[in-house]
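Colleague: Before I use the words in your notes, I want to know what stands behind them. Could you take me through them one at a time?

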Amino acid sequence: WAGIDWGSGEKSFTVLSLWQYTTGGAFTCVYAKKYEGIESDPDYSIQDIIKICQAKRVRLIGADWGFGFYSNDMLKKAFGVNKVMLYQHAGKQNDKVRWDKAAMKFTTHRSRVLQDVFTLIKRKQIKFPRWDESSPFLADILSVYSEYSELRREVVFNHPRNVPDDFLHTACYALLVSQFDHRRPDLQAPGMRLV
């Protein structure tokens with residue numbers, strides 16, 4: 001499964017990550033790429049992502065809806081609409097994940113779906129390559145902190161403005177889309193519905 005977070009190439013970057021379940025049942029990152037410099041050009045990055053996903057025979061792609069209108073259309077043309085699932089973190093919703101039929105995307109409760117990634121990391125059910133290979137990507141996860149929002153009355157996840165969290169979102173989108181093939185009852189909560 002692939003996770004894609006689209007970025008502008010300035011303070012946020014387009015990041016692709018590929019994931020699989022290993023023999024021990026861990027959701028494992030097997031490939032990641034951050035598109036920086038000249039590679040941050042949307043025409044280059046989308047063509048490269050398509051090429052990589054085709055070569056690796058990616059089953060499903062979970063992609064960020066927000067910044068990727070053109071790029072997501074290109075993905076759908078390359079892989080078909082049934083293989084590309086789009087996700088948008090909603091400002092406020094009760095459901096963890098909800099299907100928005102009119103917009104053809106899933107909306108998510110940002111804190112709850114990101115919490116799933118952190119929960120699996122704590123359980124050692126998410127695996128990454130060796131530190132020397134993955135440290136540039138893991139920095140995106142390590143920059144994220146949680147705090148209680150009095151306004152929203154819940155824990156929210158934030159990161160410093162000058163530090164990206166793009167790889168974390170690719171892991172989240174890949175984990176979400178993987179559940180079409182590999183159910184995770186341990187992560188399902190009442191309230192997940194498709195409408």
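Modeller: Start with the aromatic residues: Trp-1, Trp-19, Tyr-21, Phe-27, Phe-128, Phe-137 and Phe-167 form one aromatic cluster. The model is predicted, so local features need pLDDT of at least 70 and side-chain atom pairs count only at pLDDT 80 or more, while totals for chains, interfaces and linings use all residues. Residues are numbered from 1 along each chain as its sequence is written, and side-chain values use heavy atoms, with hydrogens and water left out.

Colleague: Why is the pair of Tyr-21 and Phe-27 called tilted?

Modeller: Rings of Phe, Tyr and Trp (its six-membered ring) pair if their centres lie within 6.5 Å; planes under 30 degrees apart count as stacked, over 60 as edge-to-face and the rest as tilted. The centres of Tyr-21 and Phe-27 are 5.0 Å apart and the planes stand at 50°, so the pair is tilted. The whole structure has 13 aromatic pairs.

Colleague: How do you know whether Tyr-21 is buried or exposed?

Modeller: Buried means under 20% relative accessible area, exposed over 50%, and partly exposed in between (1.4 Å probe, protein chains only). Tyr-21 has 16%, so Tyr-21 counts as buried. Phe-27, with 1%, is buried too.

Colleague: What makes a set of residues a nonpolar core?

Modeller: A nonpolar core consists of buried Ala, Val, Leu, Ile, Met, Phe, Trp, Tyr and Cys residues joined through side-chain atoms within 4.5 Å. The largest one here has 33 residues, and Trp-19, Phe-27 and Phe-167 touch the most other members. Helix 5 (166-178) is one of the elements that supply at least two residues of this core, and helix 5 gives the most, with nine. Apart from this core lies another, of 18 residues, including Ile-50 and Leu-75. In general, nonpolar side chains tend to be buried together in soluble globular proteins.

Colleague: Which residues of helix 4 are buried, and why are they said to line one face?

Modeller: Helices (H or I, at least four residues) and strands (E, at least two) are DSSP runs, numbered from the N terminus. In helix 4, the buried residues are Ser-134, Phe-137, Leu-138, Asp-140 and Ile-141. The arc is taken from the directions from the helix axis to the C-beta atoms. For helix 4 the buried residues fall within 130°, so they line one face. On the other side, Trp-131, Asp-132 and Leu-142 are exposed.

Colleague: What puts the buried residues of helix 2 on the same side?

Modeller: Those of helix 2 are Ser-71, Asn-72, Leu-75 and Phe-79. They cover an arc of only 95° around the axis, which puts them on the same side of helix 2.

Colleague: How do you know that Lys-105 lies over the face of Trp-65?

Modeller: A charge sits over a ring if NZ of Lys or CZ of Arg is within 6 Å of the ring centre and within 35 degrees of the ring normal. Lys-105 lies over the face of Trp-65 at 3.5 Å from the ring centre.

Colleague: What is said of the phi of Arg-57, and is Arg-57 buried or exposed?

Modeller: Most residues other than glycine have a negative phi. Arg-57 is not a glycine, yet its phi is positive, about 55°. Arg-57 has a relative accessible area of 75%, so Arg-57 is exposed. Met-104, also not a glycine, has a positive phi near 55°. At 47%, Met-104 counts as partly exposed.
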